[in-house]
Structures are given as structure tokens and as C-alpha cells.
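Trainee: Could you take me slowly through one part of this model, the way its helices pack against one another? I would like to follow it residue by residue.

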Amino acid sequence: MEGHAAVMTANVIFGLGVPVTKYLLDQWVTPMTYMATRCIGAALIFWVISLFLPKEHVERKDLFVIMLGGLLGFVISQTLTAWALDFTTPVYFSLIATLTPVATMLMAALFLNEKITGMKTLGVVLAILGAALMVFVGWVGGAGRNDLLGIFLAILSVLTWVVYLLITRKVSQKYTAVTQMKWIFLVSTIAVLPFLWREFPATALYGGQADWAGIAAMAFIVIFATVLGYFMIPFAMQYLKATTVSIYTNIQPVVASLVAIAIGQDLMTWDKPVAAVLVLLGAWLVTRER
């Protein structure tokens with residue numbers, strides 16, 4: 001029960017974070033300064049928290065897996081997410097995110113030799129049809145400035161996130177979430193900061209133009225969509241399989257789409273509910289069997 005509650009809460013937060021991220025990218029930060037802020041803020045918070053907890057020794061090979069997971073699951077995946085949202089809308093991005101269980105199933109079959117059944121195959125076909133519908137309609141006349149590119153980047157983001165779930169499954173059962181996250185965000189900060197520190201003064205948020213709305217939005221992303229959300233994922237993986245964790249990704253488009261449409265970031269067009277039904281149905285078929 002703890003695992004299910006944690007991963008459900010994390011994905012509700014991630015869903016809320018999609019339109020907030022879109023707002024920040026439109027008005028306050030670049031995709032890369034957005035990422036750097038998340039890395040620095042989360043690293044500081046997790047290392048401070050770790051000072052008040054019992055010290056946990058991490059084996060060298062496990063530390064390598066944790067750091068590699070951080071580069072894939074946070075730096076690369078979330079940078080692709082920020083770029084995707086810079087080109088397309090939160091609704092299109094969130095619908096692509098529902099392909100996560102499908103991608104998890106395929107990669108588990110490829111690398112972990114898990115069996116693919118006829119029902120799972122049907123789910124993959126339906127999910128691909130849903131994604132293809134979004135690509136076609138988005139290319140013809142989407143609401144983003146380059147929906148086709150945004151959707152492609154969103155697909156890459158999903159794939160790197162799935163690899164993160166698969167390769168960190170075992171270490172998530174050995175170490176606490178705080179221990180994993182402090183190393184993940186430390187290596188993430190080291191990876192991005194040397195290339196980005198000159199870019200901060202050129203953004204509205206850090207160039208003296210910030211107001212409380214921008215500051216509050218960035219604080220939400222750092223504290224909730226990064227620290228709390230990423231804490232809950234490895235916590236949930238202590239109890240659940242990677243495929244089960246990936247199922248809950250389908251909560252994100254429901255939350256993100258409702259918020260984005262409500263605040264005027266996107267419009268409700270005919271292809272969105274149709275694609276959502278196809279993708280969600282495909283994801284359910286893929287993950288309904290153990």
C-alpha cells in the first residue's frame with residue numbers, strides 16, 4: 001500500500017508540474033537554466049536532509065548505477081522534457097507520457113527476457129496508433145510552435161525514463177531514497193552547472209525581473225516536482241516492480257491536461273480525447289497481465 005500511495009502521489013505532482021513548467025519556460029527561464037535550478041535545489045535539500053539521517057555506505061558498483069540512473073532519469077530525461085514543452089503543449093506531452101508502460105514492457109522483454117503475450121501486443125498497437133494520431137494532427141496544425149519536434153523529444157524523454165526505472169530497480173531495494181537522491185542530484189549538478197552558469201543572468205527569473213509568481217512556480221518545481229516526486233519513486237520501487245511503477249504515469253496526462261486547458265495553455269480538439277483513449281487503453285492492456 002505504501003508503494004502504491006507514493007507512486008500515485010508522485011505522478012499527481014508530476015502532472016501538475018507539466019503546466020507549471022510550460023509557464024516557466026514561456027516567461028521566466030530557458031530549458032537549461034530550468035534544469036540547472038532543479039539540480040542545484042534538489043542536491044542542496046537532499047544533502048542537508050542526509051546530515052540528520054544515519055550514514056549509509058554505498059558500494060562502488062551501486063554508486064555507479066545510481067549516478068548513471070541520475071544522468072538518464074533526471075538530466076537527460078528532464079532536459080528532453082523541458083525542450084519538448086518548449087516546442088509543444090502540455091496536453092500533447094502528457095499523452096505521449098502515457099506510452100511509458102508500453103515502453104517499459106518492450107524494454108523488459110528485450111533486456112530482461114520477459115514474455116510478450118497477444119494481449120500485450122494488442123496494447124502496443126493501440127498505443128502506437130494513439131501516438132501516431134497525435135503526431136499527424138500536431139504536424140498538420142497543432143497549438144505548439146513545433147509540435148512534431150516536441151512530440152519526438154517527448155518520446156525520447158519517455159525512453160530514457162524507462163531505462164532509469166529498469167537499471168535502478170535493484171539498487172532501489174538496497175538503499176534509502178534519500179541516499180540515492182543525494183548522489184543522483186549531485187552528479188546531475190556537476191553535469192549541467194559548468195555549461196550553464198553564464199546563462200542564468202540572461203533569464204528573466206535571475207536577471208532582476210522576477211516577481212512572486214515566477215519565484216513560487218520555480219519553488220514548486222524544485223520542492224514538489226523534484227525533491228518530493230523523485231523521493232517517492234525509489235521509495236515505491238522498494239515495494240513495486242518497474243512495470244507497475246510505470247503504470248501510474250497514466251495519471252499525469254489527466255492532471256496535466258485538465259490544468260493546461262483550464263488555464264488556457266491548450267485547446268480541446270477532437271484528436272486529444274481520441275488519442276488519449278487509444279493510448280490509455282493500450283497501456284492498460286499491456287500492464288493488466290503480470
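Mentor: Helix H4, which covers residues 90-97, and helix H12 cross at roughly 175 degrees, and their axes come within 8 Å of each other in this predicted model. Because angles over 145 degrees count as roughly antiparallel, H4 is described as roughly antiparallel to H12. On the H4 side the contact is made by Pro 90, Val 91, Ser 94 and Leu 95, while H12 brings Gln 252, Pro 253, Ala 256, Ser 257, Ala 260 and Ile 261. Sorted by class, the residues of this contact of H4 with H12 are 7 nonpolar and 3 polar, with no charged residues.

Pro 253 is found in helix H12, which runs over residues 251-262, and Pro 253 counts as buried because its relative accessibility is 4%, where the limit for buried is under 20%. If we set aside the neighbours within four places in sequence, Pro 253 is in contact with Ser 94, Leu 95, Thr 98 and Leu 258. For a sense of distance, the C-alpha atoms of Pro 253 and Val 162 are separated by 17 Å, and these two residues lie 91 residues apart along the chain.

Now turn to another pair of helices. Helix H2, residues 31-50, packs with H10 at an angle of about 60 degrees, and the two axes are 9 Å apart; H2 and H10 are therefore oblique to each other. Their crossing is right-handed. The contact is made by Tyr 34, Thr 37, Arg 38, Gly 41, Ala 42, Ile 45 and Phe 46 of H2, which meet Met 218, Ile 221, Val 222, Ala 225, Thr 226, Val 227, Tyr 230 and Phe 231 of H10. In this contact of H2 with H10 there are 11 nonpolar residues, 3 polar ones and 1 charged one.

Helix H2 also holds Ser 50, and Ser 50 is buried, with a relative accessible area of 13%. Not counting residues up to four places away in sequence, Ser 50 touches Val 178 and Lys 182.

H3 passes H9 in a right-handed crossing. The residues that make the contact are Leu 63, Ile 66, Met 67, Gly 70, Leu 71, Phe 74 and Val 75 from H3, together with Gln 180, Trp 183, Ile 184, Phe 185, Val 187, Ser 188, Ala 191 and Val 192 from H9. By class, the contact of H3 with H9 has 12 nonpolar and 3 polar residues, and no charged ones.

Phe 185 links several of these names. Leaving out residues up to four places away in sequence, Phe 185 touches Arg 38, Cys 39, Ala 42, Ala 43, Phe 46, Phe 74, Thr 226 and Tyr 230. Phe 185 also belongs to the largest nonpolar core, a set of 75 residues in which Leu 24, Tyr 34, Leu 165, Phe 185 and Ile 233 have the most contacts inside the core. Helix H10, residues 212-236, supplies the largest share of this core, with 10 residues.

Notes. Residues are numbered from 1 along each chain as its sequence is written. This is a predicted model: local features need pLDDT of at least 70, side-chain atom pairs count only at pLDDT 80 or more; totals for chains, interfaces and linings use all residues. Side-chain values use heavy atoms; hydrogens and water are left out. A nonpolar core is a set of buried Ala, Val, Leu, Ile, Met, Phe, Trp, Tyr and Cys residues joined through side-chain atoms within 4.5 Å. Buried means under 20% relative accessible area, exposed over 50%, partly exposed in between (1.4 Å probe, protein chains only). Helices (H or I, at least four residues) and strands (E, at least two) are DSSP runs, numbered from the N terminus. Contact means heavy atoms within 4.5 Å. A crossing is left-handed if the near helix is turned anticlockwise from the far one by less than a right angle, and right-handed if clockwise. Ala, Val, Leu, Ile, Met, Phe, Trp, Tyr, Cys and Pro count as nonpolar, Asp, Glu, Lys and Arg as charged, and the others, Gly among them, as polar. Axes are lines fitted to C-alpha atoms, for helices over the stretch in contact, and angles run from 0 to 180 degrees between N-to-C directions. Angles under 35 degrees count as roughly parallel, over 145 as roughly antiparallel, 65 to 115 as roughly perpendicular and the rest as oblique.
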